[in-house]
Structure formats: C-alpha cells, structure tokens
Amino acid sequence: MNLKVKQRIPLKIKRMGINGEGIGFYKKTLVFVPGALKGEDVFCQITAIRKNFAEAKLLSVNKASKYRVTPTCDIYETCGGCQIMHLKYSKQLEFKTDLMQQALKKYAPTGYENYLIHPTLGMEKSQYYRAKLQFQTRKFKGKVKAGLYAQNSHYLVELRDCLVQDPVIQEIANHVAELLTYYQIPISDDRKQLGVRTIMVRRARKTGQVQMIVVTSRQLNLTDLVADLVEKHPEIVTVAVNLNTSKSSEIYGEKTQIIWGQETIREGVLDYEFSLSPRAFYQLNPEQTEVLYSEAVKALDVSPEDHLIDAYCGVGTIGFAFADKVKSVRGMDIIPEAIEDAKYNAKQMGFDNTHYEAGTAEEIIPRWYKEGYRADAVIVDPPRTGLGVQLIDTLLRYAPQKMVYVSCNVSTLARDLVDLTKVYDVVYIQSVDMFPHTARTEAVVKLVKKA
C-alpha cells in the first residue's frame with residue numbers, strides 16, 4: 001500500500017459507503033472519508049491503514065457537491081449520531097436506495113441483478129421524529145450530563161436539543177439530568193459501577209403518554225427525584241428501574257421493576273391501539289411506522305383463510321395489522337414481558353384468532369408443525385443481526401407460500417437472501433426511511449415460494 005498514517009492526499013470521491021462515508025481511490029487503494037460526498041474533490045489525512053483499505057479525516061472540500069448542505073445541528077460532527085445531515089434530504093433517499101443495491105451486489109443472492117427495488121419512501125418533515133431516547137449519563141465537575149458517546153469513543157457528548165428527538169422527551173431527559181445533579185444521585189463511569197448508567201424515555205405519539213427507565217448498577221432511592229419529575233411532567237405515566245450490574249456494553253440487565261405509575265403506555269398505528277411495557281420493542285419513528293406497516297400489509301397480500309406466523313412479534317404490533325384479515329396469527333418473542341403485552345393487546349382488541357408464546361422461532365415453529373399447525377404466510381422483523389442460521393433453516397424446511405421480511409440492516413438482509421432465495425423468489429424491495437440523516441434504512445421485502 002502506497003499510503004502512511006498522517007499522510008495528506010487529494011481524493012476524488014466516487015461513491016458513498018454503507019456508513020455514509022465518502023469513498024475514493026488513491027493509487028488503487030480504497031480510502032474511506034467520513035463527511036465527504038459523492039462527486040467531491042477533497043483533501044484528507046490518512047488516520048488508519050487496514051488490510052484492504054485506508055481511513056482518512058476530511059481536511060477540506062476543494063470542489064463541493066451541489067447537494068451538500070450546512071447541517072442545522074451545532075454538534076453534528078462531534079456527536080456522530082447522524083452521519084449524512086450534510087447531504088440534501090432528497091439525495092439521502094437516493095443514497096439509501098443505493099445502499100440496498102450495494103449490499104445486494106456484495107452478497108449476490110440469486111437473481112439480484114433483476115430485483116425490483118422501489119425508491120425509498122421519505123418523510124415530509126425529517127426532524128424530531130424519534131419517539132424514544134436512550135442517553136448515557138456521566139458526571140462532569142459535579143454536574144450530571146446526558147447524551148451519546150462520540151463515535152468510537154467513551155467521550156460523552158451532551159445532548160440538550162437534539163434535532164431528531166421528540167422535543168417532549170428531550171425536555172424530560174434534560175430535567176432528569178438536572179434532578180440527578182440536584183439530588184446527588186450516584187452516577188456510574190467507565191471505571192466504577194456507582195449508580196445510574198442510562199436513562200430511557202419513550203413517548204406514545206397517539207396518546208402523548210410517556211414512560212421512563214432508569215438503568216442503574218445498584219439499588220438507589222429515587223423517590224424525591226420521581227416526585228419532582230412527574231409533578232413537572234404530568235404526561236409521564238410510568239417510571240421503571242432496570243438493574244444492570246454487568247460491565248458489558250449491554251444497556252439493560254434482566255430485571256426491570258415499575259417504581260411509579262402504571263405498567264404500560266398506550267400507542268397506536270394504522271387503525272388500532274396497543275399497550276407497551278417499558279422494555280417492549282417498538283419502532284422509533286411512529287410516523288414512518290404507519291408507512292412501514294402499510295407496506296408490509298400490501299406486500300404479504302393475505303387472504304381470509306390464511307394462517308400467519310409473526311416471528312419476532314414483540315408486543316404483537318405488526319401482526320395486529322393482519323389479524324382481522326386472516327384465519328389466525330401466531331407469534332413468538334424471546335422477551336416474556338413482550339409476549340404478555342401481545343396477549344393483553346390481542347384481548348383488548350377483541351381478537352380471538354391469535355396465539356403467542358415466549359421462546360425462539362426455531363424451537364417453536366417445528367413444535368407447532370408437529371402439533372398439526374400449518375402456516376400459509378410468515379412475517380419476520382429481526383434485529384440488526386438479521387435471521388439466525390437455525391431460523392433460516394426452519395423457514396426453508398417448512399416454507400410457507402409467502403413471506404415478508406422487514407429489515408433494519410441492508411447487509412444482513414442481503415446475506416439472508418442468499419439462503420432464502422433457494423426456496424423463494426424476491427418480488428420487490430421497498431425501502432422506508434425510518435431514520436432520516438443517518439446511514440440506516442428499513443426495507444420491506446416481498447417473497448413468494450418458487451413454483
């Protein structure tokens with residue numbers, strides 16, 4: 001490689017990478033430059049040499065892209081929570097469609113060159129869309145600050161007016177940090193697990209109800225803090241504490257306890273409402289969740305006689321979009337609290353054709369089939385790690401006639417399609433921009449069993 005760390009080089013940016021960085025070639029060596037855009041001529045400094053590529057820091061833009069914009073966030077470059085706010089929003093959507101094409105080219109599932117990939121569906125207003133925040137806490141000179149770690153570091157960037165967070169939950173997070181300082185509540189740091197580690201605040205857009213989790217490494221007396229907090233913010237209906245004594249990077253421990261208020265909040269999507277317990281998963285962008293679920297319903301195209309499996313069902317939200325359209329819905333999730341929420345939600349909505357169990361799909365689906373159950377359709381909405389090998393084997397073994405794969409990671413989606421396309425054809429892929437100004441996107445994939 002003809003490059004050295006700290007070397008300064010000119011570079012022509014040819015395309016953008018999966019993390020939103022600019023990519024160019026210097027004497028046949030790939031160079032990744034965060035902050036650079038496709039078509040730009042930049043001057044950069046090499047920061048790291050890897051086996052097949054180099055990383056660089058952007059020093060100056062000699063020829064700017066006509067789609068470059070000035071980010072409205074004062075700490076955009078420091079925070080790292082958003083990666084492409086310097087790119088015009090309409091071009092962000094094109095970039096996310098291109099992300100899908102890049103991932104497919106890399107993993108090359110059968111027939112990928114001919115997949116129908118629809119343009120990414122964006123938002124009319126791309127700010128303040130996140131209805132949930134998880135901020136780390138740290139104490140600086142006696143004052144507690146809440147925010148996110150800067151990229152690839154343990155340096156905490158305080159966030160008090162994040163442009164992608166719901167303003168109500170941001171205001172509550174700010175107040176929590178002030179109360180943690182006022183009441184001198186112990187705060188954990190990198191060396192010692194002293195107390196509070198993380199705060200989670202989630203707001204239901206449908207009802208305005210707010211729930212909060214304080215993640216702590218040991219038992220704390222939060223009575224006065226909670227009293228002050230709920231007095232100022234009557235929209236808070238649940239305060240919970242999660243005990244996490246591990247030294248890992250996992251945010252939550254196993255035990256969550258409600259210390260004030262009710263068990264759940266009420267949220268809604270499409271034409272139904274449901275309950276969410278503090279640990280239950282739900283999409284971060286309620287407005288675009290309407291779009292995502294609508295696309296999933298359209299893609300699966302169920303009939304009244306169909307039996308549907310909702311893998312990774314969570315509290316049942318996506319499956320409920322189908323419950324009045326099919327013969328039965330069965331779901332599973334590894335979080336018992338989520339399954340209890342799903343059962344409660346189904347009962348509240350009057351569905352008597354649903355069934356939910358706690359456990360893994362690869363264990364439960366074979367047992368259901370052994371007991372005589374047969375699915376005509378399946379919907380999978382896995383975490384960023386994608387489908388596990390065992391689950392893919394299970395899906396291919398029983399192979400329901402139609403499937404929808406809802407993905408939040410184009411790389412693991414493309415990887416999983418390599419196996420799924422042994423049995424299924426990809427009819428189309430529809431990307432939905434759930435996370436404006438970041439390099440992440442969501443996708444709905446329509447699959448049908450090969451003839």
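# Domains, cores and cysteines in a predicted model

User: How far apart do the C-alpha centres of domain 1 and domain 3 lie?

Analyst: In this predicted model, the C-alpha centres of domain 1 and domain 3 lie 37 Å apart. The domain assignment places domain 1 at 7-68 and domain 3 at 132-269, with domain 2 made up of 94-124 + 280-449.

User: What makes C73 partly exposed?

Analyst: The relative accessible area of C73 is 21%, and the partly exposed class lies between the buried limit of under 20% and the exposed limit of over 50%, so C73 is partly exposed.

User: How do you know how many disulfides the whole structure has?

Analyst: A search of the whole structure finds zero disulfides. For C73, the nearest cysteine sulfur is that of C79, 6.6 Å away, whereas a disulfide needs sulfur atoms within 2.5 Å, so C73 is in no disulfide. For C313, the nearest cysteine sulfur, that of C408, is 16 Å away, and C313 is likewise in no disulfide.

User: Which residues touch the most other members of the largest nonpolar core?

Analyst: They are Y356, I379 and V404, in a core of 49 residues, which draws at least three residues from each of domain 2 and domain 3. Leaving aside neighbours within four places in sequence, V404 is in contact with residues including A296, L300, I379 and V444.

Terms used. Residues numbered from 1 in each chain as written. Predicted model: local features only at pLDDT ≥ 70, side-chain atom pairs only at ≥ 80, totals over all residues. Heavy atoms only, no water. Core = buried A, V, L, I, M, F, W, Y, C linked by side-chain atoms within 4.5 Å. Buried < 20%, exposed > 50% of the residue type's maximum accessible area, 1.4 Å probe, protein only. Domains from an automatic or database assignment. Contact = heavy atoms within 4.5 Å.
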